[in-house]
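Visitor: I would like a close look at a single part of this protein. Please take me through it step by step, and then show me what lies around it.

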Amino acid sequence: MTHVPKPGSPPSAVGGVATLPVKCASCDRPLDSPLVCVGCRALYSSEGLSHFQLLGIEPRFDLDAGELRRRYLALTREIHPDRGAAQQQDQALRCSAALNEAYEVLRRPQKRAEYLLELLGGPSAATDRSVEQSVLTETLLLSEELQEAHAAGDAAALESVRRKARARRDELAARSEALTRQLPGDESLRADLRAALNAWKYFARLSDED
Ligand SMILES: [Zn+2]
């Protein structure tokens, strides 16, 4: 079998997965994803790989959304079940599913922050749903204001409450993102991040409510 490596893979992509097997076991080509070799199409198991590893990128909060999407689409094409040998189709389906899940999490800042928290020291915000009492009180009041504005059919009041909720949502998003960039940090930083992520969700829900 001859293998013609495809040009165009940036060297930095290989550097990003330095902790993984760096060469294809079948054709010896450097791998820029641990899932698939773009040289010979050999597929590897997605088991035990983080979402970042699946996409061949370094685990950090700040991602280039365009680059993330390009990598996702390129890998999806490479592992497409119809393009592999019959015995590889099951594995291709598993790889595709894992890749889809990884992309859905990493492309959303809130989910990406939660995932990083889980990956870099956890427990995640979804596991520990603690929210400060002041957040509960504040969202309860806003929720009541929303209901009143609804009942009164007061569009201006409704918009004013939503604007308050959105402003708080944006503040908490910025705070969560700033804390996520400091991960793994210590337990107190991670607790602050969990609280900020949970509060972010509360205000995001209120911002979207009708
Ligand atoms: Zn190969």
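Is Cys27 buried or exposed?

Guide: Keep in mind that this is a predicted model. Cys27 has a relative accessible area of 18%. Buried means under 20%, so Cys27 counts as buried. Cys24 is buried too, at 2% relative accessibility.

Now look at the metal. Cys24 and Cys27 are among the protein donors of the zinc ion. Cys37 and Cys40 are donors as well. Each gives its SG atom, and these atoms lie 2.3 Å from the zinc ion. Next, check the angles. Among the four donor atoms they run from 101 to 116°. The site of the zinc ion is tetrahedral. Then trace the donors along the chain. Their spacing reads C-x2-C-x9-C-x2-C.

Move on along the chain to Ser46. It sits in the loop between helix H1 (11–15) and helix H2. Ser46 has a relative accessible area of 16%, so it is buried. Find Cys95 next. Ser46 and Cys95 are 49 residues apart in sequence. In space, their C-alpha atoms are 5.7 Å apart.

Now helix H3, residues 65–78. A side-chain oxygen of Asp64 comes within 2.9 Å of the backbone nitrogen of Gly66, at the start of H3. Next, test the helix's length. H3 has 14 residues, and at 1.5 Å a residue it should span 20 Å. Its end C-alpha atoms are 20 Å apart, so the two values agree.

Which side of H3 is hidden? Leu68, Arg71, Tyr72, Leu75 and Glu78 are buried in this helix. They cover an arc of only 130° around the axis, so they lie on the same side of H3. Ala65 and Arg70 are exposed, on the face turned away from that buried side.

Last, step back to the largest nonpolar core. It has 45 residues. Those with the most contacts inside it are Leu35, Leu55, Ile79, Leu99 and Leu106. Several helices each supply at least two residues of this core: H2 (51–55), H3, H4 (89–106), H5 (109–119), H6 (133–152), H7 (155–180) and H8 (187–208). The largest share comes from H8, with nine residues. There is a general pattern to remember here. In soluble globular proteins, nonpolar side chains tend to be buried together.

Note on methods. Residues are numbered from 1 along each chain as its sequence is written. This is a predicted model: local features need pLDDT of at least 70, side-chain atom pairs count only at pLDDT 80 or more; totals for chains, interfaces and linings use all residues. Side-chain values use heavy atoms; hydrogens and water are left out. Helices (H or I, at least four residues) and strands (E, at least two) are DSSP runs, numbered from the N terminus. The expected span of a helix is 1.5 Å times one less than its number of residues. Buried means under 20% relative accessible area, exposed over 50%, partly exposed in between (1.4 Å probe, protein chains only). The arc is that of the directions from the helix axis to the C-beta atoms. A polar contact is a pair of N or O atoms within 3.5 Å; within protein, one must be able to donate a hydrogen and the other to accept it, and residues adjacent in sequence count only if both atoms are side-chain atoms. Donors are N, O and S atoms within 2.8 Å of the metal (3.2 Å for Na, K and Ca); water is not among the atoms, so sites may look incomplete. Four donors count as tetrahedral if all angles lie between 85 and 135 degrees; four count as square planar and six as octahedral if opposite donors are over 155 degrees apart and all others between 65 and 115; anything else is irregular. A nonpolar core is a set of buried Ala, Val, Leu, Ile, Met, Phe, Trp, Tyr and Cys residues joined through side-chain atoms within 4.5 Å.
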